[in-house]
Amino acid sequence: MQPDTSAVTIQPCKHCGTQAPVDVHFCPRCDRILTLGRHGDYFTFFGLPRRLHVDVHDLEQRFRALSRQFHPDYFYNSSSTERLASLERSSYLNDGFRTLREPVDRLEYLLKLEGFAPKEAHEATSQVPPELLEEVFELNEQLEAIQQMRADGAAEAEVAAKLEAARLPIQANLDAHERQLNTLMAQHDAQWERGDVAGRRVTLETLRALLVERTYLTNLLATVRRELGGDQAARV
């Protein structure tokens with residue numbers, strides 16, 4: 001059985017005082033729009049479970065439906081409390097949609113919600129596998145050599161070939177990380193469904209470590225693209 005993360009949190013209606021669940025947008029008694037609860041999250045706001053795989057089409061439909069309900073034009077003649085509530089909910093809705101729509105942003109957000117926020121940079125570095133750090137050092141050495149080639153007047157095609165050779169193993173490593181992330185995200189959701197709290201925590205810890213490594217790899221690729229520059233970078 002999956003954990004219930006929202007049922008116990010309530011918020012009072014500022015118009016009639018009725019206590020409403022945090023995942024409700026309008027007061028169940030007076031039907032006025034509720035001010036934004038302080039203890040909710042994007043998943044609860046959209047009426048979604050805390051899973052890492054989201055049906056994007058369903059998310060878009062929920063976004064459009066809520067956008068219509070919260071639109072400030074509908075509250076033009078309402079009280080200042082309701083106008084403020086519509087603005088707060090519209091803004092929160094947009095932020096939530098942007099976050100949940102993108103898989104990596106969604107993963108980062110869920111890690112923070114579950115207390116697995118990415119570590120500080122100096123702490124994260126100590127968690128990166130030695131072979132990945134070795135890859136960073138090797139690339140820096142290659143880039144220094146390529147920059148020297150440029151300074152010595154090497155042909156641009158020769159420089160581009162060297163950069164492409166440096167890029168390919170990093171891209172392959174990143175692709176492998178993406179596959180591993182997808183596998184672990186599916187594993188997390190299965191654990192969530194069957195209420196496997198201990199297994200889920202282990203999976204989230206592994207996902208956090210992979211996310212740090214992924215950041216290293218994407219930064220490496222960005223460095224190569226900057227060296228390539230212009231049209232060649234756009235094709236990489």
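In which helix do Arg98 and Asp95 both lie, and how many residues apart are they? Both are in helix 3, 3 residues apart, about one turn of the helix. Helices here are DSSP runs of H or I with at least four residues, strands are runs of E with at least two, and both are numbered from the N terminus.

Before going on, some ground rules. This is a predicted model, in which local features need pLDDT of at least 70 and side-chain atom pairs count only at pLDDT 80 or more, while totals for chains, interfaces and linings use all residues. Residues are numbered from 1 along each chain as its sequence is written, and side-chain values use heavy atoms, with hydrogens and water left out.

Back to that pair. The side chains of Arg98 and Asp95 form a salt bridge, 2.5 Å from N to O; the term means a side-chain nitrogen of Lys or Arg within 4 Å of a carboxyl oxygen of Asp or Glu. Arg98 is partly exposed at 45% relative accessibility, and Asp95 is partly exposed at 29%. The cut-offs are under 20% relative accessible area for buried, over 50% for exposed, and partly exposed in between, with a 1.4 Å probe and protein chains only.

Now the whole protein. It has 9 helices and 2 strands, and the order from the N terminus is β-β-α-α-α-α-α-α-α-α-α. Of its 236 residues, 39% count as buried.

Helix 3 also holds Arg89. Arg89 is buried but has no salt bridge, and the nearest side chain of opposite charge, Glu88, is 6.6 Å away. For charge, Lys and Arg count as positive, Asp and Glu as negative, and His and the chain ends are not counted. What does the side chain of Arg89 meet in a polar contact? The side chain of His25, at 2.8 Å. A polar contact is a pair of N or O atoms within 3.5 Å; within protein, one must be able to donate a hydrogen and the other to accept it, and residues adjacent in sequence count only if both atoms are side-chain atoms. A polar atom of the Arg89 side chain also lies 3.2 Å from the backbone oxygen of Thr35.

Next, helix packing. The axes of helix 3 and helix 4, residues 103-113, come within 5 Å and cross at roughly 110°. Axes are lines fitted to C-alpha atoms, for helices over the stretch in contact, and angles run from 0 to 180 degrees between N-to-C directions. Angles under 35 degrees count as roughly parallel, over 145 as roughly antiparallel, 65 to 115 as roughly perpendicular, and the rest as oblique.

The buried residues of helix 4 are Arg106, Leu107, Tyr109, Leu110 and Leu111. Gly115, which follows helix 4, has a positive phi, near 80°.

Helix 6, residues 130-151, packs against helix 7 at about 170°, with the axes 10 Å apart. Helix 6 is therefore roughly antiparallel to helix 7.

Last, the other salt bridges. The structure holds 14 of them. One joins Arg50 to Asp41, with the closest N and O atoms 3.1 Å apart, and both residues are buried. Another joins Glu164 and Arg167 at 2.9 Å, N to O. These two are 3 residues apart in helix 7, about one helical turn. Glu164 is partly exposed at 28%, whereas Arg167 is buried at 11%. Elsewhere, salt bridges that share partners join Asp41, Arg50, Glu114 and Arg200 into one network.
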